[in-house]
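Please consider the following structure as a whole before turning to its parts.

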Amino acid sequence: MKVTYVHADKFHECNSAEWRSAIPARALNRHRKHSAKLTDIEKFAILPTESVYACEDADVIVLQRGAMPDSAAAVRHWQNQGKLVVSDIDDGYPQIGPEHPAYPFWHQGIVTDNTGRQSRLPRPAIHEMADGLRLVDGMTSPNRLILSDWKQLVGVRGEYVPNYLDLSYYSAKRTRSPHTDGTVWVAWGGSAGHLVSFLGSGVVEALDRVLPIRPHVRFVFCGADIRVLYRVPLRDRQKYHFNWRPHREWQQVLANFDLGIIPTSGDFDARRSTLKPLEYSIMNVPWIASHNPAYAGLEEFGTFVDNTIEQWADALPAAIDGMVDLRRLRRAHDWARSHDIDKNVHNITEAYARLGQKVTA
């Protein structure tokens with residue numbers, strides 16, 4: 001199978017594009033039966049010059065975040081050439097709330113340029129996403145609720161394609177530990193849009209209750225949305241901040257975590273992928289997570305809590321002060337290794353093949 005991935009992320013936000021486009025493309029190119037190309041949405045939308053090379057020999061074209069108006073003509077062109085055109089959606093865009101940095105664009109139709117100047121679209125972008133999903137031949141997602149949402153909203157057929165790991169990325173070694181620097185890192189890492197995850201879960205108050213009486217413990221926040229850091233009322237010396245890192249540099253930070261936390265809250269977080277449990281597990285980092293539909297079935301790999309201050313405040317010291325459950329850590333690591341993308345290429349191509357069968361049926 002020949003696949004062309006069309007990514008929509010800019011360099012400074014290139015996270016979804018890595019997971020949903022670049023990593024699968026590299027894995028397909030390592031496979032003797034398949035191949036893949038990468039292009040960006042702006043080049044794809046220009047017909048015919050820029051997109052011909054990327055798409056002319058593709059069996060499947062996968063659009064990150066779907067067919068927005070600028071790319072609709074290109075989608076129709078390639079469908080008319082017999083290509084299967086699929087959207088890939090990895091966030092719950094209908095569930096984005098006002099606190100999310102992307103809310104003005106998706107739900108108010110407000111665009112902010114590089115100078116900070118705002119303009120208004122003819123209508124909120126969420127409607128354009130819906131129209132684009134009516135146009136394409138199907139969709140993929142790493143979350144089953146997202147597939148169900150859009151099936152109900154616009155009738156698009158979908159296939160579950162989880163995030164898989166390129167295991168070659170996870171060879172980073174620790175450069176610190178509690179034995180070398182006397183500190184314990186209770187850590188989280190992720191993209192923007194997780195303020196509600198922290199404020200709605202009870203973990204902020206729990207950190208404030210647990211960490212001050214453990215001066216050797218540090219809350220380590222890795223990401224660009226520093227609103228979270230300001231809301232955690234700890235002394236500065238107990239809070240470390242690592243800003244956004246390119247994908248290949250992130251694992252070196254992750255390798256130094258002692259305990260990973262995964263607070264989630266609300267309908268948007270229910271549409272997350274399993275990426276955070278996977279990355280903690282592959283790096284042998286024990287973790288605590290909120291109960292969440294996105295993580296159903298993962299209970300044997302980590303500690304799960306209800307979103308109350310009390311449950312988080314009980315779980316944190318048990319993990320910080322207690323012995324690591326080595327058997328659970330091994331189970332989690334084995335589970336993460338089963339998501340090696342090179343061993344799951346067939347799951348990706350078979351998902352596309354099923355969507356193709358649905359189109360021709």
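Contact here means heavy atoms within 4.5 Å. By that criterion, and leaving aside residues up to four places away in sequence, Ser-71 touches Ile-41, Phe-44, Ala-45 and Gly-66. The model is a predicted one, in which local features need pLDDT of at least 70 and side-chain atom pairs count only at pLDDT 80 or more, while totals for chains, interfaces and linings use all residues. Residues are numbered from 1 along each chain as its sequence is written, and side-chain values use heavy atoms, with hydrogens and water left out.

Ser-71 belongs to helix α4, residues 69-80; helices (H or I, at least four residues) and strands (E, at least two) are DSSP runs, numbered from the N terminus. With a relative accessibility of 2%, Ser-71 counts as buried, a term that means under 20% relative accessible area, as against exposed at over 50% and partly exposed in between (1.4 Å probe, protein chains only).

Burial also marks strand β9, residues 184-189: 6 of its 6 residues are buried, so the strand is largely enclosed by the rest of the structure. In a regular strand the side chains alternate between the two faces of the sheet. In β9 both faces are covered, with Val-184, Val-186 and Trp-188 buried on one side and Trp-185, Ala-187 and Gly-189 buried on the other. Two strands pair if DSSP finds at least two bridges between them. β9 pairs in the parallel sense with β10 (residues 217-222) over 6 bridges, and Trp-185 stands opposite Arg-218 there. β9 also pairs in the parallel sense with β12 (residues 259-262), over 2 bridges; in this pairing Ala-187 faces Gly-260.

The protein chain as a whole has 17 helices and 14 strands. Its radius of gyration is 21 Å, close to the 21 Å that the globule rule gives for 361 residues, so the chain is as compact as a globular protein of that length. The radius is taken over C-alpha atoms, and the rule is 2.2 Å times the number of residues to the power 0.38. Of the 361 residues, 53% count as buried. Among contacts with a separation of 6 or more, 68% come from residues 24 or more positions apart.

What empty space remains? Rolling a probe the size of a water molecule over the atoms shows where it is left. On a 1 Å grid over the protein atoms alone, a cavity is a set of points where a 1.4 Å probe fits but cannot get out, and a pocket is an open set with protein on both sides within 12 Å along at least five of seven lines; lining residues have an atom within 4 Å of a point. Grid points are joined across faces, edges and corners, and a volume is the space filled by probe spheres set on the points.

The largest cavity has a volume of about 90 Å³. Its lining has 15 residues, with Trp-19, Arg-20, Pro-24, Val-161 and Ile-348 nearest the centre. Helix α1 gives the most to this lining, with 4 residues. The second largest pocket has a volume of about 470 Å³. Of its 22 lining residues, Pro-286, Ala-319, Gly-322, Met-323 and Val-324 are the closest to its centre. Helix α15 gives the most to the lining of this pocket, with 4 residues.
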